[in-house]
Amino acid sequence: MFDRDFNKDPFIVIWELTRACQLNCLHCRAEAQYKRNPFELSFEEGKKLIDDIYSMNNPMLVFTGGDPLMRPDVYDIAEYAIKKGVRVSMTPSATPNVTKEAIQKAKQVGLARWAFSLDGPTAEIHDHFRGTAGSFELTMNSINYLHELEIPVQINTVISNYNINVLEEMAALVEKLDCVLWSVFFLVPTGRGKDEDMITPAQHEHVFRWLYELSKKVPFDIKTTAAQHYRRVVIQSKMRESKVEKEIVKYKDALMEGKTGSFDGLGRAPKGVNDGNGFVFISHIGDVYPSGLLPVKAGNVRETSLPEIYRESPIFKDLRNPDMYKGKCGVCEFRFVCGGSRSRAYAATGDYLESEPYCVYIPESLRKKKEPTKS
């Protein structure tokens with residue numbers, strides 16, 4: 001699982017089964033619609049895609065949307081993948097589609113995990129963010145169903161100006177709900193997401209440090225998305241805490257190799273996953289992107305196989321080479337393990353190789369000043 005070359009095989013594949021969704025979320029990357037697109041990948045095309053995914057050293061596969069449950073054949077697709085040995089999870093929207101019967105069917109098919117979005121500890125905050133009254137209550141009911149059926153629960157939360165002041169309450173709720181993973185997303189202004197909804201660079205740094213301290217004392221795992229610079233904060237913290245020189249050397253070696261190992265505090269990825277680097281996104285109509293938050297098309301699976309696009313696309317190749325990064329990211333000693341959010345760089349500058357605009361860190365090479373020469 002972990003022995004993979006990101007130049008050849010991704011660590012995780014996200015497939016947007018449909019853009020149809022009954023919610024109207026303020027930040028929606030997909031700008032989801034209420035009705036399905038007639039040009040979605042068909043069931044047969046989906047099976048071919050799954051075969052290609054499996055051939056790439058069998059990465060993790062996540063069904064997303066829109067709302068994957070808006071596709072009547074979602075369980076048939078999942079069953080096909082699971083029978084091949086693919087590990088599948090799903091991120092449905094908390095709508096009336098999520099019945100106890102629907103979750104029971106998912107368990108019978110063999111879905112490994114369900115993830116629900118929860119963006120506030122109260123209905124007022126969450127429902128406003130999701131643009132739908134009653135979403136909070138539906139989410140809570142769905143989580144109860146999952147616990148009854150003994151299916152692991154993951155909570156996804158988008159950090160924004162709407163909830164930055166209630167993160168302590170959010171963490172307490174995630175623990176109370178007995179979740180296995182809190183996946184914390186940091187807003188990228190794409191789709192319906194807006195610049196003014198993002199927290200500041202200084203707030204990013206503050207939340208990263210808070211998450212690291214939180215990770216030491218909660219029973220659930222914490223993972224971040226579009227926050228590659230959280231890895232820097234984790235490693236810096238580990239190095240400060242370490243009293244053993246050998247351990248510090250290990251961290252420094254990891255920076256050059258891009259390996260996060262077991263000390264990343266981010267989940268199971270053995271290396272620093274980033275857009276197009278261990279990560280690939282397929283849209284509902286087969287377009288392939290480095291991620292769902294980086295809308296730069298590299299091909300379409302109806303015309304070119306996924307392995308060929310992932311391995312040969314100039315876009316993906318550039319993204320997998322941190323020495324191509326510009327500005328301070330290009331000279332940062334953390335670039336192989338972090339690299340900054342390529343999605344946020346693109347959203348802010350129009351160039352996915354530019355520096356992460358919401359990182360406060362100044363690389364060592366830029367801090368070193370030449371001593372004035374003596375005359």
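Residues are numbered from 1 along each chain as its sequence is written, and side-chain values use heavy atoms, with hydrogens and water left out. Because the model is predicted, local features need pLDDT of at least 70 and side-chain atom pairs count only at pLDDT 80 or more, whereas totals for chains, interfaces and linings use all residues.

A search of the whole structure returned two cavities of 30 Å³ or more, a cavity being a set of points on a 1 Å grid over the protein atoms alone where a 1.4 Å probe fits but cannot get out, with lining residues having an atom within 4 Å of a point. Grid points are joined across faces, edges and corners, and the volume is the space filled by probe spheres set on the points. The largest cavity holds about 110 Å³ of space and is lined by 14 residues, among which Cys329, Cys332, Cys338, Cys359 and Tyr361 lie nearest its centre. Its lining comprises seven nonpolar, three polar and four charged residues, where Ala, Val, Leu, Ile, Met, Phe, Trp, Tyr, Cys and Pro count as nonpolar, Asp, Glu, Lys and Arg as charged, and the others, Gly among them, as polar. The second largest cavity holds about 40 Å³, and its lining consists of Gly272, Asn274, Asn277, Leu319, Pro322, Tyr325, Arg335, Phe336, Cys338 and Gly339. By class, that lining divides into five nonpolar residues, four polar residues and one charged residue.

The cysteines were then examined for bonding. With a disulfide taken as a pair of cysteine sulfur atoms within 2.5 Å, the count comes to zero. For Cys329, the closest cysteine sulfur is that of Cys338, at 6.5 Å, which is too far for a bond. Cys332 is likewise in no disulfide, the nearest cysteine sulfur, in Cys338, being 6.5 Å away. Relative accessible area was classed as buried under 20%, exposed over 50% and partly exposed in between (1.4 Å probe, protein chains only). Cys329 is buried at 9% relative accessibility, and Cys332 is also buried, at 11%.

Salt bridges, defined by a side-chain nitrogen of Lys or Arg within 4 Å of a carboxyl oxygen of Asp or Glu, number 21. In the pair formed by Arg19 and Glu16, the closest N and O atoms are 3.1 Å apart; Arg19 is partly exposed at 28% relative accessibility, while Glu16 is buried at 0%.

A second pair, Arg71 and Glu40, has its closest N and O atoms 3.8 Å apart. Arg71 lies in the loop between strand S2 (60-64) and helix H2 (74-84), and Glu40 in the loop between strand S1 (12-16) and helix H1 (43-55), so the pair ties together parts that are 31 residues apart in sequence. Here helices (H or I, at least four residues) and strands (E, at least two) are DSSP runs numbered from the N terminus. Both partners are buried, Arg71 with a relative accessible area of 2% and Glu40 with 6%.

The side chains of Asp51 and Lys84 meet in a further salt bridge, at 3.3 Å from N to O. This pair links distant parts of the chain, with Asp51 in helix H1 and Lys84 in helix H2, 33 residues apart. Asp51 is partly exposed at 27% relative accessibility, as is Lys84 at 28%. Finally, salt bridges with shared partners join Arg36, Glu40, Arg71 and Asp73 into one network.

Technical notes. 1 Å grid on protein atoms, 1.4 Å probe; cavity = no way out; pocket = protein on both sides within 12 Å on 5 of 7 lines; lining within 4 Å.
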